[in-house]
Amino acid sequence: MKEFDHEQLKVFLAEHAQGDLLSWANELKLMNLFGLSCNSADELIMTSGFLPSRYQRNRHMISTEQQYQLLKSQVAVVGCGGLGGYVIEELARLGVGRLMVIDSDVFEEHNLNRQLLATIDNLGTSKVDAAVKRVKQINPAVQVDPRQIAVGLGNGVELLAGMDVVVDAIDNINGRLDLEQICHQIEVPLVYGAIAGWFGQVGCIKPGQRILQKLYANWTAGKGIESSFGNPSFTPAVAASLQSAEVCKVLLGHGGLLEERILSVDLLHMQFDDIPVQ
Amino acid sequence: MIQVNVKLFASFRIGRFDREIREYPQATTVADVVKELGIPEGEIGILLLNSVHVDLKRQLVDKDVLAIFPLVGGG
C-alpha cells in the first residue's frame, strides 16, 4: 500500500458512499485512484467506519468491526474437494481475508457429482488453482495462498503455524489424525468435518482436546463407510456449512461452539445428534 | 441379566433400530453387543459408553447407555 493522503480518502468516501456503504464500482475507483489492492481498499474503507457494499447482507449479524476482524484473519483449508470447495466458497463470501488452500490432487470425473470447484472444463487440472480462480470471481479482497502438496507430520507444523483456524476437509482418517496432532502442537483450533453417504460428523477441537484421537481410537487402517456409500452432492454442503459457521464463531470469539462434542448428521433419517465426547 | 440402552447412528440404523433397551447376560462386552447386532468391527467408528469413549473389550453393567457410530472418513 503506497503512502497517500488520508484527507483525500475521507473526501472520497464522503462523496462516494451511500450512507456508510461503498459500492463495488466506487471501490474500484478508490483502488485505481490510490493504487490499492482490493484487500487494502477493504481495510481502509472499514477502518474509516464504512463498509464495502458486498458485505451489506452480513451486517445484521456481523458488525463493521467484526467484518474487519474477519478481513484480518487467516484460515487454512486442508483439502479442496467435497468439504473444502464449499468451505472455501463460504469463507470467501463471508470475507475472511486470507485463505491458505491445500490439496495435492487434480480434478477427476468422479468429483463432479459433489465438489463445488470441479467443472467439466477443469478436469485434470489442480484443485488449488480452481480455488484461486473461484475466490477471485466472488471476493477479490481475499488473498489465497495455494499449496499443491499433501499435509503430513513432516511439513504440517511449518505450513500451518500462525493460522487462526485450520479446517479439516481431508478425505482420509490417517490425514485427519495427523492434522489434529499438528494443530495440537501449534495450538491452533481445528474445525473437524467428515462425511460418508447420507451421514456426517462435525466438531470444533481446541488445542489440547485431542477429540479425534478418541473418536478414531478403534480405527486401525482403511476407509470409513464412505467407501461403500460414496458421497452425494448435499452431504458435503451440509457438513461444510456447519464447519464454516464454526470457523466464523472461532474467528469472532462469538456464540457457542461444538467443543468436546460432535454433531452427528443423518440426512437419511433427518436426525442431528449432539454427542458429548469426554 | 442386565439391561443396556443401545443407540445406533447413521448407517447402523438401516435394517436395525435407532435405540432399544436390550437384555444381555452379566459380563457382556461391547464386542459381544456389536457381534450380536451383526455389525462388522471394521466399520465401527465411535463407541461411547455413558458419553465416555470406550473400546470393544469394555464390560457392560446394568443401565449402561451404549452409542455406536460407523467410521466416517470422507471429505
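Q: What area is buried between chain B and chain A, and what percentage of it do carbon and sulfur atoms give?
A: In this predicted model, the area buried between chain B and chain A is about 2,300 Å², and carbon and sulfur atoms give 59% of that area. Leu71(B), Val72(B) and Gly75(B) supply 28% of the area that chain B buries against chain A, which is more than any other three residues supply.

Q: How many residues of each chain are in contact at this interface?
A: On the side of chain B there are 26 residues in contact, and they meet 39 residues of chain A, where a contact requires heavy atoms within 4.5 Å.

Q: What makes the pair Arg13(B) and Asp266(A) a salt bridge?
A: The closest N and O atoms of Arg13(B) and Asp266(A) are 3.3 Å apart, and the rule asks for a side-chain nitrogen of Lys or Arg within 4 Å of a carboxyl oxygen of Asp or Glu, so the pair qualifies. Across the interface of chain B and chain A the rule finds two salt bridges, and it also finds 14 residue pairs in polar contact, both residues being at pLDDT 80 or more.

Q: Which elements of chain B give two or more residues to the side that touches chain A?
A: These are strand S3 (44-49), strand S4 (52-53) and strand S5 (65-70) of chain B, and S3(B) gives the most, with five residues. The residues of this side of chain B divide into 14 nonpolar, seven polar and five charged.

Q: Why does the radius of gyration of chain B agree with that of a compact globule?
A: For 75 residues a compact globule would have a radius of gyration near 11 Å, and chain B has 12 Å, so the value agrees. The C-alpha trace of chain B spans about 40 × 25 × 20 Å along its principal axes, and 53% of the 75 residues count as buried. Chain B holds one helix and five strands, which follow the pattern β-β-α-β-β-β along the sequence.

Q: Why is helix H3 of chain A called mostly covered?
A: Buried means under 20% relative accessible area, and nine of the 10 residues of H3(A) (residues 38-47) are buried, so the helix is mostly covered. Among the buried residues are Cys38(A), Leu44(A) and Met46(A).

Q: What covers the buried residues of H3(A)?
A: The cover includes helix H1 (6-16), helix H2 (24-34), helix H4 (64-71) and strand S5 (143-147) of chain A.

Notes. Residues are numbered from 1 along each chain as its sequence is written. Chains are lettered from A and ligands numbered from 1 in the order in which they are written. This is a predicted model: local features need pLDDT of at least 70, side-chain atom pairs count only at pLDDT 80 or more; totals for chains, interfaces and linings use all residues. Side-chain values use heavy atoms; hydrogens and water are left out. Buried means under 20% relative accessible area, exposed over 50%, partly exposed in between (1.4 Å probe, protein chains only). Helices (H or I, at least four residues) and strands (E, at least two) are DSSP runs, numbered from the N terminus. Buried area is the accessible area (1.4 Å probe) that two parts lose on being put together, summed over both. A polar contact is a pair of N or O atoms within 3.5 Å; within protein, one must be able to donate a hydrogen and the other to accept it, and residues adjacent in sequence count only if both atoms are side-chain atoms. Ala, Val, Leu, Ile, Met, Phe, Trp, Tyr, Cys and Pro count as nonpolar, Asp, Glu, Lys and Arg as charged, and the others, Gly among them, as polar. The radius of gyration is taken over C-alpha atoms; the globule rule is 2.2 Å times the number of residues to the power 0.38.
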